[in-house]
Amino acid sequence: MCLAVPGRVVEASPGQSWAVVESFGLRLQVGTQLVGEVKTDEYLMVHAGYAIEKVDLLEAGKQMRILEELLGAGSG
């Protein structure tokens with residue numbers, strides 16, 4: 001099963017193929033070759049160290065809630 005996690009871009013590097021995203025309090029440098037240039041405060045879906053899709057705030061929030069529910073289901 002593949003799982004993509006939403007993250008907010010906190011550092012973008014114009015002209016480079018990477019960005020730093022924050023998700024669930026963690027920061028990760030990811031490749032942006034698949035989505036093109038990104039800007040700070042955009043949201044990306046990240047899988048295996050690569051941004052695979054740009055999403056809006058509404059979709060990112062929806063995906064985060066689903067992940068929180070899944071993670072919470074395992075702790076009870």
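Me: Which residue in E3 is the bridge partner of valine 20?

Reply: Glutamine 29 is the E3 partner of valine 20. Keep in mind that this is a predicted model.

Me: And what stands opposite glutamate 11 in E2?

Reply: Valine 20 again, this time facing glutamate 11.

Me: How do I read the way these strands run?

Reply: Start with direction, then count bridges. Strand E1 (residues 5-12) and strand E2 (residues 18-23) run antiparallel, joined by 4 bridges. E2 also pairs in the antiparallel sense with strand E3 (residues 26-31), over 6 bridges.

Me: What should I look for in the turns?

Reply: Check the phi angles. The hairpin of E1 and E2 has 5 residues between the strands, and glycine 15 in that turn has a positive phi of about 85°. Between E2 and E3 there are 2 residues, and phenylalanine 24 in this hairpin has a positive phi near 55°.

Me: Where do side chains point along a strand?

Reply: In a regular strand they alternate between the two faces of the sheet.

Me: Is serine 23 buried or exposed?

Reply: Buried means under 20% relative accessible area. Serine 23 has 13%, so it counts as buried. This residue belongs to strand E2, and it touches Val5, Pro6, Gly7 and Met64, leaving aside residues up to four places away in sequence.

Me: How does isoleucine 52 count?

Reply: Partly exposed, because its relative accessibility is 42%. Isoleucine 52 sits in strand E5 (residues 50-55).

Me: Which residues form a nonpolar patch on the surface?

Reply: Leu34, Tyr50 and Ile52 do, with about 310 Å² of accessible area together.

Definitions and conventions
Residues are numbered from 1 along each chain as its sequence is written. This is a predicted model: local features need pLDDT of at least 70, side-chain atom pairs count only at pLDDT 80 or more; totals for chains, interfaces and linings use all residues. Side-chain values use heavy atoms; hydrogens and water are left out. Patches are made of residues with over 30% relative accessible area and no salt bridge: like charges are joined within 9 Å, nonpolar side chains (Val, Leu, Ile, Met, Phe, Trp, Tyr) within 5 Å. Accessible areas come from the Shrake-Rupley method with a 1.4 Å probe; for residues, only the protein chains shown count as cover. A salt bridge is a side-chain nitrogen of Lys or Arg within 4 Å of a carboxyl oxygen of Asp or Glu. Buried means under 20% relative accessible area, exposed over 50%, partly exposed in between (1.4 Å probe, protein chains only). Two strands pair if DSSP finds at least two bridges between them. Contact means heavy atoms within 4.5 Å.
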